[in-house]
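Colleague: I have a model open and want to learn how to read it. Can we start with the surface?

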Amino acid sequence: HFILGVTISAAPLGAWIAVKGSLDTRIILLGLAVVFWLAGFDILYALQDIDFDRSYGLFSIPSRFGIKRSIMVSRFCHAITWGLLVLSGIIFHMSYLYYLGMMITALLFIYEHSLIKPDDLSKLDMAFFNMNGYISITVFLFTFLDLII
């Protein structure tokens, strides 16, 4: 989950290097936010594969720690993500629009995690696919609006 997050985080880091010509420590916070966000939702997605992972000896967090603990790890990852996004806003001197987006993002994360219960994974698709789509659009839209206004 975290290796996938590290791999995907190469996109904002690579874009920063391509535009700026160097790796600035400020962008690393955003890269870490991507790592934890992706790991958090990949852990949720892996909940549906727990039996397969266990039967084939795969070491996913759900197969290793079970459903309840995996949900807690995912929540922790998403809390770290949100904190890193807020910290990125401070470091990049974003305005109230960005923080409004971060408040909405926090509510979306909370709602995402309210959909998944250790004894009821029936809303996993909604949590994984839909909510992370809404979260990504919210972060992008409010960052974009902050930068152009």
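This is a predicted model: local features need pLDDT of at least 70, side-chain atom pairs count only at pLDDT 80 or more; totals for chains, interfaces and linings use all residues.

Colleague: What share of the 149 residues is buried?

Modeller: Buried means under 20% relative accessible area. In this chain, 41% of the residues are buried.

Colleague: How many helices and strands does the chain have?

Modeller: There are six helices and zero strands. Read from the N terminus, the order is α-α-α-α-α-α.

Colleague: What radius of gyration does the chain have, and what would a compact globule have?

Modeller: The chain has 16 Å. A compact globule of 149 residues would be near 15 Å, so the two agree. The C-alpha trace spans about 50 × 30 × 20 Å along its principal axes.

Colleague: Which contacts should I look at next?

Modeller: Take contacts between residues at least 6 apart in sequence. Of these, 67% join residues at least 24 apart.

Colleague: And the charges?

Modeller: Side chains of opposite charge can pair when their charged atoms come close. Here the cut-off is a side-chain nitrogen of Lys or Arg within 4 Å of a carboxyl oxygen of Asp or Glu. The count is one salt bridge. Asp24 and Arg26 form it, with 3.0 Å from N to O.

Colleague: Are those two residues buried, partly exposed or exposed?

Modeller: Asp24 is partly exposed, at 21% relative accessible area. Arg26 is also partly exposed, at 31%.

Colleague: How far apart are the mean positions of the positive and negative charges?

Modeller: They lie 8 Å apart, for 9 positive and 10 negative charges.

Notes:
Residues are numbered from 1 along each chain as its sequence is written. Side-chain values use heavy atoms; hydrogens and water are left out. Buried means under 20% relative accessible area, exposed over 50%, partly exposed in between (1.4 Å probe, protein chains only). Helices (H or I, at least four residues) and strands (E, at least two) are DSSP runs, numbered from the N terminus. The radius of gyration is taken over C-alpha atoms; the globule rule is 2.2 Å times the number of residues to the power 0.38. Contact means heavy atoms within 4.5 Å. Lys and Arg count as positive and Asp and Glu as negative; His and the chain ends are not counted. The place of a charge is taken as NZ of Lys, CZ of Arg, CG of Asp or CD of Glu.
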